[in-house]
Amino acid sequence: MLLPIFIIIPFMGGILCWLFDRYGIKISHYIALVLMSIVLMLSISLLFYDLTLVSTNTNKSYWNFEYEVSWIKRFGIMFHLAADGFSILMLILTSILGIISILCSWDTVEDRIGLFYLNLLWILSFSIGIFLSIDLFLFFLFWEMIIFPVYFSIIFWGHRINDARTCLKRYAAANKFFMYSQCSGLILLFSILYLVYSYYASNHILSFNYDLLRSIKLNDFSESCIMLGFFLAFAIKVPIFPFHGWFAEFHTYSPISGALDISSILLKTSVYALLRFNIVLFPNSSSRFAYVFMLLGVITIFYASFVAFSQTDIKRLIAYTSISHTGFILIAIYSANQIAYQGIIIQTIAYAFSTAALYSLVGQLFQYTHTRNMKQMGGLWSNICWIPGFSMFFAAANLGMPGTGNFVGEFMILLGTFNNNVLLSSIVSFSLIISALCSLIMIQRTYFGYSFQYTCKHFIRRISRREMFISISLLVMLILIGLYPNIILNMSESPINNIRTVFSNFILTTRS
């Protein structure tokens, strides 16, 4: 019963926030903060369990925790949750970023606060459901359910400027996200049903069980079709070129906490799904398309980096650099290299922290300047205390500054890719120069030079303790991962190696 608690606490917490909102202005904030802190403590406590004792099925030793009850027996659907070191890391990441999101929205959300936290906690609850679901129907259910609280977050609490045009654009951004997500979900549903039907046709067993379906033997055509369906569904959400159309618009008009969730949590669900489902369920067809996907990764890196140059909205610039980094992860996934796979986990977690910090700082800047246009924000270095320094650090971390977790992740990905493909690794290395230029442009346009319009009239000597806590805690975590990455590597080594081994066997066969 341990695993369902991680889903139930934020789900029920959202309802409590909504119900108790009428009894006090800040009561919803405290309920959300306390409950997500409990989820974080429970997540960390999993690290101290004797993992061999809690597994309920000794035949599935690769799961450290497992919970399974019958749900819709007629169709072979189970409420089946499981976790290994990889899942637990994602659980801890979700909990930490959930707390950061709550703190970011502490003073910025002023209307319908209870309803806002209901949406925020449901996003976190469904994200945890995605990380823990092993039954494919249950996974699809959480994959779809998460769309609705995200959609309402941008509709009700998205970027607000008091003009009708901005309002219409906000609705358009939300609708675009909804349409892309629905397409992703529809493709995923057909792919899952095709896979389940194929298993039923060969074994006469109707089941959505991941452990059973991973043993299915399909012909090349069927496996390729289903694998491409899964890949397309996940690629839309990651996102990678050319399925990224919703991403920048969404970031532009989402609330700060919404941007945090989307970039730092939701996008990680797709990376997790690519590794957990696409690679493991279809290693043969994935190996045959590996070069195509890696090429898509290279195009994504350079395309997003060049587009980022032309942005004047600081949130859009960060959004495009996020897309660029997903290209790195896509290349690493299909390289099937052990070092690169370890780098994926480090990079995913470190980049989530650094991006979350940058979005948080953008939110703080917006409070002081009332703009996100970098052309109107110049000259802030001498007018705002602390924020420019933090921005410099996190921008540098984002492009892989030594001493941070981002450096370790990028280095391991490039080193692992270099072992398999020297040319590809060399080409991708050039993108680091472009990323560095983007970060420099962001810092230069925002904090240096002179602006005639929105430069602060008064020196802002200090930021709030809450804002300071957010930046310092993320800074400490990035440095901690950078100096001692074994914290993550020790936990992820076994499950990640299991995934890689399944895939690399087919890669070697294909390449030989």
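# Chat about a predicted model

Student: Where is the place of tyrosine 194?
Tutor: Tyrosine 194 sits in helix H8. Helices (H or I, at least four residues) and strands (E, at least two) are DSSP runs, numbered from the N terminus.

Student: Where do these numbers come from?
Tutor: This is a predicted model, in which local features need pLDDT of at least 70 and side-chain atom pairs count only at pLDDT 80 or more, while totals for chains, interfaces and linings use all residues. Residues are numbered from 1 along each chain as its sequence is written, and side-chain values use heavy atoms, with hydrogens and water left out.

Student: Ok. What is the relative accessible area of tyrosine 194?
Tutor: For tyrosine 194 the value is 32%, so this residue is partly exposed. Buried means under 20% relative accessible area, exposed means over 50%, and partly exposed is in between (1.4 Å probe, protein chains only).

Student: Which residues make the nonpolar surface patch?
Tutor: Phe75, Tyr194, Tyr197, Tyr200, Leu206 and Phe221 make a patch of about 650 Å². Helix H8, residues 164-203, gives the most to this patch, with three residues. Patches are made of residues with over 30% relative accessible area and no salt bridge; like charges are joined within 9 Å and nonpolar side chains (Val, Leu, Ile, Met, Phe, Trp, Tyr) within 5 Å. Accessible areas come from the Shrake-Rupley method with a 1.4 Å probe, and for residues only the protein chains shown count as cover.

Student: You mentioned salt bridges. How many are found in the whole structure?
Tutor: The search finds three salt bridges. A salt bridge is a side-chain nitrogen of Lys or Arg within 4 Å of a carboxyl oxygen of Asp or Glu.

Student: Which side chain meets aspartate 84?
Tutor: Aspartate 84 meets arginine 276 in a salt bridge, at 2.8 Å from N to O. The two are 192 residues apart and link distant parts of the chain: aspartate 84 is in the loop between S2 and helix H4 (85-104), and arginine 276 is in helix H12 (residues 256-281).

Student: Is aspartate 84 buried or exposed?
Tutor: Aspartate 84 is buried, with a relative accessible area of 3%. Arginine 276 counts as buried at 3% too.

Student: And which side chain does arginine 288 meet?
Tutor: Arginine 288 forms a salt bridge with aspartate 220, at 3.5 Å from N to O. Arginine 288 is in helix H13 (residues 283-288) and aspartate 220 in helix H10 (residues 220-237), so this pair ties together parts that are 68 residues apart in sequence. Arginine 288 is partly exposed at 34%, and aspartate 220 is partly exposed at 45%.

Student: Which residue forms a salt bridge with glutamate 249?
Tutor: That is arginine 316, with the closest N and O atoms 3.0 Å apart. Glutamate 249 lies in helix H11 (residues 247-253) and arginine 316 in helix H15 (residues 314-333), so the pair joins parts 67 residues apart in sequence. Glutamate 249 is partly exposed at 24%, whereas arginine 316 is buried at 17%.

Student: New topic. How do strand S1 and S2 run?
Tutor: S1 (residues 65-72) and S2 run antiparallel, with seven bridges between them. Two strands pair if DSSP finds at least two bridges between them. Tyrosine 67 is opposite leucine 81 in S2. The hairpin has four residues between the strands, and glycine 76 has a positive phi near 70 degrees there.

Student: Why is strand S2 largely enclosed?
Tutor: Five of the seven residues of S2 (residues 77-83) are buried, so the rest of the structure largely encloses the strand.

Student: How far is the sulfur of cysteine 225 from the closest cysteine sulfur?
Tutor: The distance is 19 Å, to cysteine 183, which is too far for a bond.

Student: Last one. What is serine 127 in contact with?
Tutor: Leaving aside neighbours within four places in sequence, serine 127 is in contact with Thr94, Ile146, Ile265 and Leu266. Contact means heavy atoms within 4.5 Å. Serine 127 lies in helix H5 (residues 113-132) and is buried, at 0% relative accessible area.

Note on methods
A disulfide is a pair of cysteine sulfur atoms within 2.5 Å.
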